[in-house]
Amino acid sequence: MRYNTSAMAVSVARPSRLRLRRPSAEALVWILTAALLLTGSLTPEPNADMLRDVGWGILRILPVLAIASLLAGALTLGNWSDRALTWVNGGTARSVLVASLIGAVTPVCGLGVLPLIASLLRRGVPLAPIMAFWVASPVTDPSMMIVTGGIIGVDFAIAKTIAAFCIGLFAGIVTAALPGFRGSAHDLMRAEALEQCETNEAGRSQFWPEVVSNSRLVLRWLALALVLEVFLQRLVPGEWIMSLFGSDAGASVPLAVMVGAPMYLDGYAALPLVRGLLEMGMSFGAALALMVSGAAISLYAAVAVVSVVRARVFALYIILALIGATMVGYTANLVV
């Protein structure tokens with residue numbers, strides 16, 4: 001009797017392994033948000049209060065989100081960021097001033113700033129204006145200013161924008177004054193970084209893709225933040241917040257800086273949390289210092305810096321950002 005060996009081979013073939021796809025970063029944020037929302041709705045007893053509070057919070061934010069996303073898309077037209085950065089080529093004082101101003105209002109931060117920085121380095125721009133732009137840029141931008149004004153208040157949004165400009169100016173002036181960081185910054189960069197950070201003009205975002213991308217980014221972080229805000233208001237006593245970060249606590253500003261730097265949340269996600277902290281007694285200056293340090297020393301900004309510059313430049317970046325955020329916090333407490 002003959003057997004059909006090919007058929008048997010097929011019949012006894014091992015089943016192929018099922019490959020489970022790892023969820024994306026965006027999916028993980030939504031999964032975490034849903035898990036926290038479910039936990040908060042079931043403890044200490046099942047109720048819909050948390051779901052209602054988060055839902056109303058999202059509805060109130062949607063108009064602000066729409067305006068911010070449209071603005072983010074509009075700012076991608078005409079390569080405004082690249083045009084603005086070409087203005088920093090000049091004397092040290094002028095270049096630091098212009099770079100600080102551009103960093104405070106230009107929607108470029110984190111890894112997205114690498115091609116722009118590499119372009120400046122290839123043109124021989126000194127490190128001082130580069131450092132000014134690098135420190136100021138992650139703190140805020142026009143879209144962030146609009147969202148901040150809608151969530152926390154216009155006065156806080158204006159103060160945050162002024163703070164971004166001031167810490168950029170401070171970082172640039174100090175860098176220019178240090179002997180080891182003067183002149184062209186080519187010697188302070190990693191050689192391999194200049195080859196990897198070529199600007200890709202063909203791959204620039206267009207209007208609607210940028211609007212959609214910005215909307216998805218902001219919405220997922222704000223949803224998570226609103227859930228965390230409700231948890232914060234329910235679980236953390238107001239007296240504890242007042243004792244640590246209140247206006248009478250002398251160490252509130254440096255404490256906020258040290259907490260904000262390593263415990264970075266996306267800038268949009270931090271807004272509802274900071275609003276909740278302010279309502280629970282956190283001082284204006286401590287709240288501002290927390291947001292500035294958390295943005296300037298964010299994971300994305302730190303990765304961008306350390307991947308391009310040498311270790312001593314990275315250390316200077318961290319020190320300047322910490323000192324700048326602390327100075328901003330104390331100044332705000334004196335003024336407000």
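User: At what angle do H9 and helix H15 pack, and how far apart are their axes?

Analyst: Two packed helices are described by the angle between their axes and the distance between the axes. In this predicted model, H9 and helix H15 (residues 284-296) pack at about 55°, and their axes are 11 Å apart. Helices are DSSP runs of H or I with at least four residues, and strands are runs of E with at least two, numbered from the N terminus. Axes are lines fitted to C-alpha atoms, for helices over the stretch in contact, and angles run from 0 to 180 degrees between N-to-C directions.

User: Which term describes H9 relative to H15?

Analyst: The angle makes H9 oblique to H15; under 35 degrees counts as roughly parallel, over 145 as roughly antiparallel, 65 to 115 as roughly perpendicular, and the rest as oblique.

User: Which residues make the contact between H9 and H15?

Analyst: Contact means heavy atoms within 4.5 Å. From H9 come Asp155, Phe156, Ala159, Lys160, Ala163 and Ile167, and from H15 come Phe284, Ala287, Leu288, Met291 and Val292. By class there are 9 nonpolar, no polar and 2 charged residues; Ala, Val, Leu, Ile, Met, Phe, Trp, Tyr, Cys and Pro count as nonpolar, Asp, Glu, Lys and Arg as charged, and the others, Gly among them, as polar.

User: Which residues of H9 are buried?

Analyst: Buried means under 20% relative accessible area, exposed over 50%, and partly exposed in between (1.4 Å probe, protein chains only). The buried residues of H9 include Phe156, Ala159, Lys160, Ala163 and Ile167.

User: How does the packing of helix H13 and helix H17 read?

Analyst: The axes of H13 (residues 252-260) and H17 (residues 311-335) come within 9 Å and cross at roughly 140°. That makes H13 oblique to H17. Val253, Pro254, Val257 and Met258 of H13 meet Leu322, Ala325, Thr326, Gly329, Tyr330 and Asn333 of H17. This contact has 7 nonpolar, 3 polar and no charged residues.

User: Is serine 41 buried or exposed?

Analyst: Serine 41, in helix H2 (residues 25-42), counts as buried because its relative accessibility is 13%.

User: How many helices and strands are in the protein?

Analyst: The protein has 17 helices and 0 strands, and 45% of its 336 residues count as buried.

User: Which conventions apply?

Analyst: Residues are numbered from 1 along each chain as its sequence is written, and side-chain values use heavy atoms, leaving out hydrogens and water. Local features need pLDDT of at least 70 and side-chain atom pairs count only at pLDDT 80 or more, whereas totals for chains, interfaces and linings use all residues.
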